[in-house]
Amino acid sequence: MITKLFRRINPLITAIFLSFILHTMLIVFLVIKWDPESKPQKISAPKYIQAKLINQQDKRLKKLGTKPKPKPKRIVKAKPKSKDENKFQKKRKIVEQKKAKNSQVKKQLEQESHDKKMTSSYSAYITERIEANWNRPPSARRGMEAKLLIRLVPTGQVVSVALLKTSGNIAFDRSAEQAVYKVGNFDKLQKMDLRIFEKSFRQLELVFRPDDLRL
Amino acid sequence: MKKFNLFIMLFLFTLIFPLSAIAGLSIEITKGVDNPTKIAVAPIVFDGDQLSKDISIIIQDDLERSGLFEPIFRENMLSFPSSIKDVYFRDWLILGAEYLVVGNLLINNGVYQVTFSLLEVHSSRLVFTKIAKGSKNQLRDLAHHISDEVYQAVTGIAGAFSTRVAYVTSIKLDSKIKYKLMVADVDGARERLILESNHPIMSPSWSPDAKELVYVSFETGRPAVFRQKLANGRRKQLTNFKGLNGAPSWSPDGKKLALVLSKDGNPEVYTYDLKSEEFTRHTNHFAIDTEPNWTPDSKSLVFTSDRGGSPQIYRLKLKTSEIERLTFRGTYNARPRLAANGRTLVMVHRSAQQFHIATQDLVNGDLRILTNTSLDESPTVAPNSAMLLYATKINNRGVLAAVSLDAGVKFLLPSKQGDVREPAWSPK
């Protein structure tokens, strides 16, 4: 009786177990995949300092004066190697490349944060324009949700509106579409950097989900 | 093999989940405005002539009276298109119209045929084109039908412009009072006399097919319930008991009436089977039980009772005779009517010594007072649950008033003469 029960349960347990493993693997996979994007900058920073220690002189040493012990070792080790000029130059080149790379990364980061700021401020502008024009039908209820895909051109003009997901209420869907048509032109987008526009605004997903209705 | 299938399934799931997370920029819209929709109803003409009844004005008035539309008046229109191909959307954009109704009429062997279209102005899109047919004296019905279609498309709620209202008027002539049972379109047009009497007439209630009425008449010397066909005026007396015979209410499935009888000494709620002509008593309490009304599934009744010390509303399950109190706020809640959605209870509620019409949401318990008139009575809900009519007193005269169930729209229906009371909105 019990064994029978076990046999019945077994596939379920294995299924749960397998899905658990797969999900942990998935999470691990995602985490590992996400990490490198942020870590390289952290790792490269100390490398950058260490490399300079070898090539350049006392100024750098003084700056790192609080950690005197590892430096002498390095210098000692570096000296014999430095006899070989080629090797030394090679290292220098690598270091310079790394330097360039790092500044590039820095620039990229700055740009990214700038882009993020612009994107969110323009998103807020779009939200505001649509909310001011969204005239909801009396059959609209909390919990309804319609999704639209709209396409814009850099002048801010809406060139197409498509319903991605219906709320189940045709009048509600139509009111959402109409809100976009009523705005017609998000003219402030003209001032936007074309790069940001291409990245995030040529095609937008709008989710209409009222949360201020009584019912 | 089974395990292998399982593997495949899980593998697919793990594939699908991360995919669904990939999306472009998504903006969330959570707020909006709720203004009346601006609509233009272009004149519906026949061979360039105006009709005896101006259909488009009737439509425009219907929509405006609902409170959900703001019409653009004809004198402001820049063009009068009668079909889609004549429409220049720019003309209507300038006027701020959101929707446009155009139509034209053909007469074929005495059949009046209206082809009408609803257009969205901002997107220049056609919502629908439909055809309605009728006879020469049905022009008003055609107009109400078009209003219903437009209203439903824009609001997502079924229209109720083709429905009617029954009500009782009383006019004092010399020292006598004349009572009349009347039926009219909801816009007050086509008023029709159903019954005239020197004795009071009360509590009209519609059959679910809207072809008959039941009401209480005192013409026999004591209150009695009558049933009358509207088409031919044929009527039948249903009750002749000693004492109170009142407040009949036709069940939504058409099979029964709920009513109040005091033949056993005290007002109790009964049902009357229209087929078997049998009465069944449902309440048994020394308090007054009255004003029964049906739930939409015809399985329960709501009624007023003062069994708790003050008039409150109760629900009675017919099968089990289980009784549940529904109202707890205030010391007076009476005359219950349930909207067709089964969720909104409409009643007379006393607050600050004044009688108002209020709604109570049976799911979340919200009580809302809808009216700011006083001495309000007899609420009756439109079949689309969007609006209700009630009787009230203005300058000591009984008039009908309307209010939307969200309390956004309120208006009075002035009577031509005398007092108007006891409105009953037809279910169709």
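**Close-up views of chain B and its partner**

**View 1. Where chain B meets chain A.** In this predicted model, 30 residues of chain B are in contact with 39 residues of chain A. On the chain B side, helix H1 (2-21), strand S1 (26-29) and helix H4 (139-155) each supply at least two of the residues that touch chain A. Sorted by class, this side of chain B consists of twelve nonpolar, eleven polar and seven charged residues. For the model, the predictor gives an ipTM of 0.81 and a pTM of 0.77.

**View 2. Strand pairing across the two chains.** Strand S3 (residues 203-208) of chain A runs parallel to S1(B), and four bridges join the two strands. Within this pairing, Val207(A) has Glu28(B) as its bridge partner in S1(B).

**View 3. The two domains of chain B.** Chain B is divided into domain 1, covering residues 37-155, and domain 2, covering residues 164-425, and the centres of these domains, taken over C-alpha atoms, are separated by 36 Å. Five residues from domain 1 of chain B and seven residues from domain 2 of chain B take part in the contact between them. On the domain 1 side, helix H2 (residues 55-65) of chain B gives the most, with three residues, and by class this side has no nonpolar, one polar and four charged residues.

**View 4. Confidence along chain B.** The mean pLDDT of chain B is 90, with 93% of its residues reaching 70 or more. Over residues 17-23 of chain B, however, pLDDT stays under 50, and for this stretch the model has one contact beyond four places in sequence.

Key
Residues are numbered from 1 along each chain as its sequence is written. Chains are lettered from A and ligands numbered from 1 in the order in which they are written. This is a predicted model: local features need pLDDT of at least 70, side-chain atom pairs count only at pLDDT 80 or more; totals for chains, interfaces and linings use all residues. pLDDT is the predictor's confidence in each residue, from 0 to 100. Two residues are in contact if their C-beta atoms, placed from the backbone, lie within 7 Å. Ala, Val, Leu, Ile, Met, Phe, Trp, Tyr, Cys and Pro count as nonpolar, Asp, Glu, Lys and Arg as charged, and the others, Gly among them, as polar. Two strands pair if DSSP finds at least two bridges between them. Domain bounds come from an automatic or database domain assignment.
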